[in-house]
Amino acid sequence: MAVKNNPLSSIEVAGPIPAHLARSVIEASLRNAILDGRLPCGTAIRQQALATLFGVSRMPVREALRQLEAQGLLQTVQHKGAVVAPLIEDDALETYELRLLLETQALRLSLPLLSEEDFEVAAGYIEALEVETDWSRMGTLNRQFHQALYCKAPNKKLLALIDEGLIEEERFLRFNLEQMNLGKLSQDDHRALLRHARARDIEACIKELELHLHRGVKAITHYLDKQKPKQP
Ligand code: NI
């Protein structure tokens, strides 16, 4: 009988994990494996197999899976348990509309509180994006750039919701930036965003963010159209 290919075998565990770190280690390991495609869409994620792999009880595993589900990386399917979510859902456009609301609000709250150091950090991500050739790293740098601009918003719940949206986008971008040739276009947007932010021009900054996110909407619309069967 053929040995069944175990999708979890792509996850490396470096020695025993202290109990208090278990949840975050499991969450980060799974997130990376999902984001870089080692765990493809539809892969069933078994709690017991993970607990055994990491040498922990099922409790931190359950908590890690719950986090990943909130980030849109996992879904619960009846009779199957947690599975890796599809790359993009039909409701992706609604997700973008929500992001637009949340991120413009965060920008509005954060911008007056940003310091010169924050701007330097943001500028650093733009520079890093410029020389980065690895598409998955680019997805991460894009997320970090945006987070750098929102980070001073005092509403932590708002920031947590935004993080979920950005992580979801990061995953989509990893697979699609290259095809869509979005890399350079986004960089022009990023530079304009930072320029307006430095000038403390909230309205111009928000307008630029809207344009930037609308590019994402267009890319996703295009992607979803391509997925549809061709009309005769
Ligand atoms: Ni961006």
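The model is predicted, and local features need pLDDT of at least 70, side-chain atom pairs count only at pLDDT 80 or more, and totals for chains, interfaces and linings use all residues. Residues are numbered from 1 along each chain as its sequence is written, and side-chain values use heavy atoms, with hydrogens and water left out.

I then looked up the geometry: helix H2 (residues 47–54) packs on H3 at about 115°, the axes being 9 Å apart. Helices are DSSP runs of H or I with at least four residues, numbered from the N terminus. Axes are lines fitted to C-alpha atoms over the stretch in contact, with angles from 0 to 180 degrees between N-to-C directions. In H2, Gln47, Gln48, Leu50 and Ala51 meet Arg58, Val61, Arg62 and Leu65 of H3 (contact: heavy atoms within 4.5 Å).

Next I took H1 (residues 22–35) and H3 (residues 58–70), whose axes come within 8 Å and cross at roughly 45°. H1 is therefore oblique to H3 (under 35 degrees is roughly parallel, over 145 roughly antiparallel, 65 to 115 roughly perpendicular, the rest oblique). H1 also passes H3 in a right-handed crossing.

Last, I checked the rings: the charged end of Arg99 sits over the ring of Tyr96, 5.0 Å from its centre (CZ of Arg or NZ of Lys within 6 Å of the ring centre and within 35 degrees of the ring normal).

How values were computed: Helix = DSSP H or I, 4+ residues; strand = E, 2+ residues; numbered from the N terminus. Left-handed = near helix turned anticlockwise from the far one by under 90°.
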